[in-house]
Amino acid sequence: ACFANSLVRKLSSHWPASMYAHSILRSPSAKPLQKSTFTETKSQNAHYDSNQITTTKMSLSKFTIRKATLSDCNAIAAVEATCFPPAEAAKHEDFQKRLERYADYFLLMFDGDKLISFVDGFVTDIPDLNDKMYEDAGMHNPNGAWQMIFGVNTIPEYRHQGCAEKLLRLFVQNAKAESRRGVVLTCKEKLVHYYAKIGFVDEGISADSTHGNVVWNQMRLTF
């Protein structure tokens with residue numbers, strides 16, 4: 001798994017609904033977030049409740065969160081290229097395939113028109129994350145039991161403000177709302193404690209992922 005040097009890596013059509021100086025316009029075709037999942041939905045891009053994040057050092061209320069569309073591909077790929085070393089970063093063509101298959105499984109956070117953080121991953125019945133999943137978007141199974149997370153990314157100037165944690169908690173919340181068995185991700189050992197505070201349990205070094213020739217720890221949050 002590719003998980004950022006600062007952070008790691010379902011949204012489906014049923015859901016109530018890695019970094020950078022690239023501004024993008026929110027597409028008018030983007031699907032609105034549904035009120036039942038996000039705390040306040042006053043427009044197409046829901047303003048989220050910053051009170052749910054305890055690590056915030058600045059107000060998150062001005063930021064917006066929405067799902068992705070194909071038109072976001074350039075910005076997402078640019079963020080990814082900044083977040084990860086070349087051997088670990090997904091390429092533009094990878095994101096295009098992902099967005100074609102499971103755009104609803106991307107959560108994007110914006111400061112105005114600027115993409116500042118995102119989370120993505122697909123759903124599967126396979127319980128352990130493996131490297132083929134990054135390459136083959138066709139493995140996505142919307143009826144699967146496990147929500148995978150491939151990337152959690154925040155651009156440098158917005159790190160340590162609670163942005164990624166907010167997206168992670170929403171991602172987990174939505175997986176639970178869809179009756180998944182849980183959420184799985186991989187990360188470098190130095191980030192195990194970060195995901196542990198959100199509820200993920202370290203399962204040790206992954207036997208199925210050596211993405212980018214890196215040692216990854218698999219972590220799981222079971223509902």
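Here are a few questions and answers about this predicted model.

User: Which strands sit at the edges of the five-strand open sheet?

Analyst: Let's start with the order, which runs E5-E6-E8-E10-E9, with mixed pairing. An edge strand pairs on one side only.

User: In what sense do strands E6 and E8 pair, parallel or antiparallel?

Analyst: Strand E6 covers residues 146-148, and strand E8 covers residues 182-187. Three bridges link the two strands. In E8, Gly-182 is the bridge partner of Trp-146. The sense of the E6 and E8 pairing is parallel.

User: What angle does the direction of helix H4 make with that of E6?

Analyst: Helix H4 takes in residues 163-177 and packs on the sheet. There it touches E6, E8 and strand E10 (217-222). Its direction makes an angle with that of E6 of about 160°.

User: Is Leu-115 buried or exposed?

Analyst: You'll find Leu-115 in strand E4 (residues 114-120). The relative accessible area of Leu-115 is 0%, and buried means under 20%. So Leu-115 is buried.

User: Which residue's side chain does the side chain of Arg-66 join in a polar contact of 2.9 Å?

Analyst: Arg-66 belongs to strand E2 (residues 64-67). This arginine counts as buried because its relative accessibility is 0%. Across a polar contact of 2.9 Å, the side chain of Arg-66 is joined to that of Asp-72.

How values were computed:
Residues numbered from 1 in each chain as written. Predicted model: local features only at pLDDT ≥ 70, side-chain atom pairs only at ≥ 80, totals over all residues. Heavy atoms only, no water. Pairing = 2+ DSSP bridges. Helix = DSSP H or I, 4+ residues; strand = E, 2+ residues; numbered from the N terminus. Contact = heavy atoms within 4.5 Å. Axes fitted to C-alpha atoms, helices over the stretch in contact; angles between N-to-C directions. Buried < 20%, exposed > 50% of the residue type's maximum accessible area, 1.4 Å probe, protein only. Polar contact = N/O pair within 3.5 Å; in protein donor to acceptor, adjacent residues only side chain to side chain.
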